Amino acid sequence: MAVFVIRRLIGLIAVLFAITVMTFLIFFATPGVDPSRQLAGRNPQPAVVAAIKHQFGLDRPLPIRYLLMMKRLFVSRDLVSYGNQALKVVPAITSATPVTFSLVFGAAVIWVVLSILTGLLAVVFKGTIVDPLLMILALIGISMPVFWLGEVANLITQDRLHNTFLFHWVPPNGYTPLTANPWQWFLHLIIPWLTLSVLYIGFYARVLRANLLDVANEDYVRTARAKGLSERRVLLKHMLRTSMITFVSLFGLDFGVLVGGGAILTEVVFGLPGVGKLTYDSLVSLDLPVIMATVIYGAFFITIANALVDIVYARLDPRIRPA
Amino acid sequence: MAETLLEVNDLKVSFRTEDGVVKAVDGVSFTLAKGEVLGIVGESGSGKSVTMMSLLRLINDPNMKVEGEVLYKGRNIMKLSEGRMREVRGADIAMIFQDPMTSLNPVYRVGDQIIEALVTHRDIEKQQAKKRAVDLLKQVGIPQAESRVDDFPHQFSGGMRQRAMIAMALANNPDILIADEPTTALDVTIQAQILELIDRLKDEFNSAVILITHDLGVVADIADRIAVMYAGRIVEFGDKRDLFYDPQHPYTWGLLGSIPRLDRPKQERLHSIEGMPPSLITLPEGCKFRPRCPHAFEKCKQEPALVARVEGERHLDRCWLDVETKRAIREKTIQGATAAA
């Protein structure tokens, strides 16, 4: 286990190094992004531009500039945005993280529970109308873009039906920290959770159903029945566990991507000041320090999520456990 | 004659397919006595496995149709509720399968899978069940059973997995053990060990055994009676001695002739039965073996019944040929063309 953790940590550092270098190089290779021009304001004097270049270290060679940025990001942790000198990058990320985590964790719980339930129901009711009906519903869920669904949800809960008994409890868009008011936190997030999870419920339910049907023909499932086990036990104990392997690897990737800023559309639609929103804003203004920080943050969580998937994998299937 | 445990009467299993109705099993009847070993022999597709799977009602296919009755201790288990049937499976009638590599669940420990079989059918503490699992593994000859009980199936060799399967099947002292080609997927040296094991354990556990195989050599050792199946029906049925020394059906002759033997003159090539088994959708009229039978004649266009045609009641066959004629011509088929030439 210790070896596993160390190997993963080395891998993580390598990934972070590669991704920061690449982001850095791509940024400076992109035409029209010279930050000193942005910083200097409209029609600046060349001398002013040069002064700003010097002040931000932009007149030094690229490797030095990279190291300086990394130092300010990780060591002195006082890196500021190019566009807004008051925006300190590290605090911006740390204050956006809980919002994204709240959104993604809640949605993940909903989508895991509901997709497993849907997948199991479809298999139990295979051969009846229930199975194709569930799968069509799943397909509809997959087909609805999250930004559209989010806007429709807003339209219904904030506007059209807000004054009816159905949705009068829905608070205005925004975020309340869990520590400030747990109930308000929950109320603010429930609609975003459902919106974000719809796609994944549909997708995961279909994947799980396909895997379950695959496993249903395995010899050991026949053995389990020949032992006299109940159908429920055969399904939950002997079929579900081996079927979860694809599910878990997909979950690790999707979860990592979402926590790493992939929930951007949901965050924007519901006005949640999370990492996705931060990434979006920094990309719009081509603000390298913030882009760099969000990229590192995202890569970190995607790598961690993958490591967790490997651990869960080994728990699910003893054949891939290291000896 | 010992007490009859199992009586199968006119069992028919068919499957609806796009090409027509496949008659996988067509009117199979036999009985099994307490402590007896019944060998069922036939080539692939002759209906051996389907017969056994449908005894336990393990086939779950909406296109399947099963007729006939299966009396276990006088009770028709085809009519039992699914819940009652589960009490029979694994407790009264247990089954082991052909491929031990895939028959155990790869994600659970071998011991836990045996324990699961125990706790499903009896009120037993987990600790005791584990002790019993270790004992069972010892009985089937797993070395260091105390530690191996916690191994996963992939840590077992093929032979050991089949031993573990046998341990699991015998966990609840079943009256009947159905072994569906238990040695087919194993090395020849392991095959003999597994057969010997089944032979020994059936006495220790006082179980009757139905041994399904496509290999007459396998049943030669341990079976008491043998049924030969062809195209979904039994074509010859009798005591092992009678079947080997006085075979009545030309198909049985063909099977016996295709065993390589060291005690006979060396043949140029191994004898085989001409032609292919018939399609189970469009079966030939009359005797189902007629198209491949070198001795077929006019009468074979009517299907012969499975009745006793030789002296005694216990040797049944489905062949119109006169017993004396058969005894005169069969050696040629069994010994093969080279020996006759």
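This is a predicted model: local features need pLDDT of at least 70, side-chain atom pairs count only at pLDDT 80 or more; totals for chains, interfaces and linings use all residues.
Good morning. I begin with a definition: a residue counts as buried if 20 or more other C-beta atoms lie within 10 Å of its own, with the C-beta atoms placed from the backbone.

Which strands does β3(B) pair with? One partner is strand β8 of chain B, residues 208-213, joined to β3(B) by 5 bridges. Those two strands run parallel, and within the pairing B:G39 has B:L211 as its bridge partner. Another partner is strand β9 of chain B, residues 225-230, which is joined to β3(B) by 4 bridges and also runs parallel to it. Here B:V41 stands opposite B:V228.

I move now to a sheet in chain B with antiparallel pairing. Four strands form this open sheet, in the order β2-β1-β4-β5. Its edge strands are β2 and β5, the latter being residues 75-76, and each of them pairs on one side only. At one end of the order, strand β1, residues 4-17, is joined to strand β2, residues 20-33, by 11 bridges, and the two run antiparallel. A hairpin of 2 residues connects β1(B) to β2(B). Within this pair, B:R16 stands opposite B:V21. At the other end, 2 bridges join strand β4 of chain B, residues 64-72, to β5(B), again antiparallel. There B:Y72 has B:R75 as its bridge partner.

Helix α1 of chain B, residues 48-55, touches β1, β2 and β4 of chain B. The direction of α1(B) makes about 70° with that of β2(B).

Helix α7, residues 158-170, and helix α8, residues 188-204, pack with their axes 10 Å apart and at an angle of about 15°. The crossing is right-handed. From α7(B), the residues that meet α8(B) are B:G158, B:G159, B:Q162, B:R163, B:I166 and B:L170. From α8(B), they are B:I190, B:Q193, B:I194, B:L197, B:I198 and B:L201. Sorted by class, this contact has 7 nonpolar, 4 polar and 1 charged residues.

Let us now consider chain A. Its secondary structure consists of 13 helices and 0 strands. The C-alpha trace of chain A spans about 85 × 60 × 35 Å along its principal axes. Of its 323 residues, 32% count as buried. Among contacts in chain A between residues at least 6 apart in sequence, 67% join residues at least 24 apart.

One helix pair illustrates such packing in chain A. The axes of helix α1, residues 2-29, and helix α13, residues 288-316, come within 10 Å and cross at roughly 150°. That angle makes α1(A) roughly antiparallel to α13(A). The crossing of α1(A) with α13(A) is right-handed. Among the residues of α1(A) that make the contact are A:L12, A:V15, A:L16 and A:I19, and among those of α13(A) are A:I291, A:M292, A:V295 and A:I296. The residues of this contact divide into 13 nonpolar, 4 polar and 1 charged.

Finally, I come to the contact between the two chains. How many residues does each chain give? Chain B gives 23 residues and chain A gives 20 residues. On the side of chain B that touches chain A, the elements that give two or more residues are α2 (82-88), α3 (100-103) and α4 (110-121) of chain B. The largest share, 4 residues, comes from α4(B). By class, this side of chain B has 11 nonpolar, 7 polar and 5 charged residues.

Thank you for your attention.

Conventions: Residues are numbered from 1 along each chain as its sequence is written. Chains are lettered from A and ligands numbered from 1 in the order in which they are written. Two residues are in contact if their C-beta atoms, placed from the backbone, lie within 7 Å. Ala, Val, Leu, Ile, Met, Phe, Trp, Tyr, Cys and Pro count as nonpolar, Asp, Glu, Lys and Arg as charged, and the others, Gly among them, as polar. Two strands pair if DSSP finds at least two bridges between them. A residue is buried if 20 or more other C-beta atoms lie within 10 Å of its own, exposed if 12 or fewer, and partly exposed in between; C-beta atoms are placed from the backbone. Axes are lines fitted to C-alpha atoms, for helices over the stretch in contact, and angles run from 0 to 180 degrees between N-to-C directions. Angles under 35 degrees count as roughly parallel, over 145 as roughly antiparallel, 65 to 115 as roughly perpendicular and the rest as oblique. A crossing is left-handed if the near helix is turned anticlockwise from the far one by less than a right angle, and right-handed if clockwise.
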